[in-house]
Amino acid sequence: MAEHRRPSWDDYFLQMAKLAASRATCPRRRVGAVLVRDHRVLATGYNGSVKGGPHCDDVGCLIVEQNGRPSCIRTVHAELNAILQCAVNGISSADSTLYCTDFPCTGCAKALVQAGVREVVFLSEYPDANSGIILRDGGIALFKAIPGDGEDTYRLVQVDIRGAKTQKA
Ligand SMILES: [Zn+2]
Ligand SMILES: [Zn+2]
C-alpha cells in the first residue's frame, strides 16, 4: 500500500478551489475559490448564475463585449460568491486568504480589497492587466501556485505587480 502523503495547507486549499470550480455553470470558464483564515474555511464559491437564474450550461452564455473582448456576464464570479456567502452568513472576511483557480478580474479585485482579504493564492493567470494593480494598491499579497514535484503539490511564488499606481487623465 502506498504511503499516505498528507497535503500541505496550501495544497489542501488549492485542491478545494479546484473542486469548487467543478460546480461552475458557465462553459467559458470554470472558476473556484476558497476563503480561509487561520487554516479554517470561511466560505467557498464558484462562478454561477444568480439564485433562480438559468445556467449557461443549459441556455447558453450571455455575451457582451467588455474591455474589447467578448465576456459572459450571466454569472456571479467565484471570488465574489465566496465574499457574499460570508455576508449572508454574518462571517467576517477580514484578514483572510483567498485560494482561487484563476487570477481575479478587476471587479472581484475591488471586492476582495474592500472585504479585507490580505492574500490571494491563484493557479492560472487571467487576461486582465488592471486587476493586479488594484489588488497590489489594496495591499493584497499575490502568490502564484506553481506545480511541484508530486501530484497535486504546489510551491508558492510571490508575484510582484508592476505598473503605474496612478495615471493622470
Ligand atoms: Zn456563461
Ligand atoms: Zn471576477
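Here are some questions and answers about a predicted model of one protein chain. Residues are numbered from 1 along each chain as its sequence is written, and chains are lettered from A and ligands numbered from 1 in the order in which they are written. Local features need pLDDT of at least 70 and side-chain atom pairs count only at pLDDT 80 or more, while totals for chains, interfaces and linings use all residues.

Reader: How many helices and strands are in the protein chain?
Author: Both are DSSP runs numbered from the N terminus: helices are H or I with at least four residues, strands E with at least two. On that basis, the protein chain has five helices and ten strands.

Reader: What is the radius of gyration of the protein chain?
Author: This one is taken over C-alpha atoms, and the globule rule is 2.2 Å times the number of residues to the power 0.38. For 169 residues the rule gives 15 Å, and the chain's value is close to that, so the chain is as compact as a globular protein of that length: 16 Å.

Reader: At what angle do α4 and α5 pack?
Author: Axes are lines fitted to C-alpha atoms, for helices over the stretch in contact, and angles run from 0 to 180 degrees between N-to-C directions. The axes of α4 (residues 106–114) and α5 (residues 129–137) are 8 Å apart, and the angle is about 10 degrees. That makes α4 and α5 roughly parallel, a label for angles under 35 degrees.

Reader: Is V120 buried or exposed?
Author: V120 is found in strand β8 (residues 117–124). Beyond four places in sequence, V120 touches L98, C100, P104, L112, L135, I140 and L142. The cut-offs count other C-beta atoms, placed from the backbone, within 10 Å of a residue's own: 20 or more is buried, 12 or fewer exposed, in between partly exposed. V120 has 25 such neighbours, so V120 counts as buried.

Reader: And how does C86 count?
Author: C86 is found in helix α3 (residues 78–89). Leaving aside neighbours within four places in sequence, C86 is in contact with L35, L42, A43, I91 and S93. With 19 C-beta neighbours inside 10 Å, C86 counts as partly exposed.

Reader: What percentage of the residues of the protein chain count as buried?
Author: The total is over the 169 residues of the chain, and the buried share is 36%.

Key. Parallel < 35°, antiparallel > 145°, perpendicular 65-115°, else oblique. Contact = placed C-beta atoms within 7 Å.
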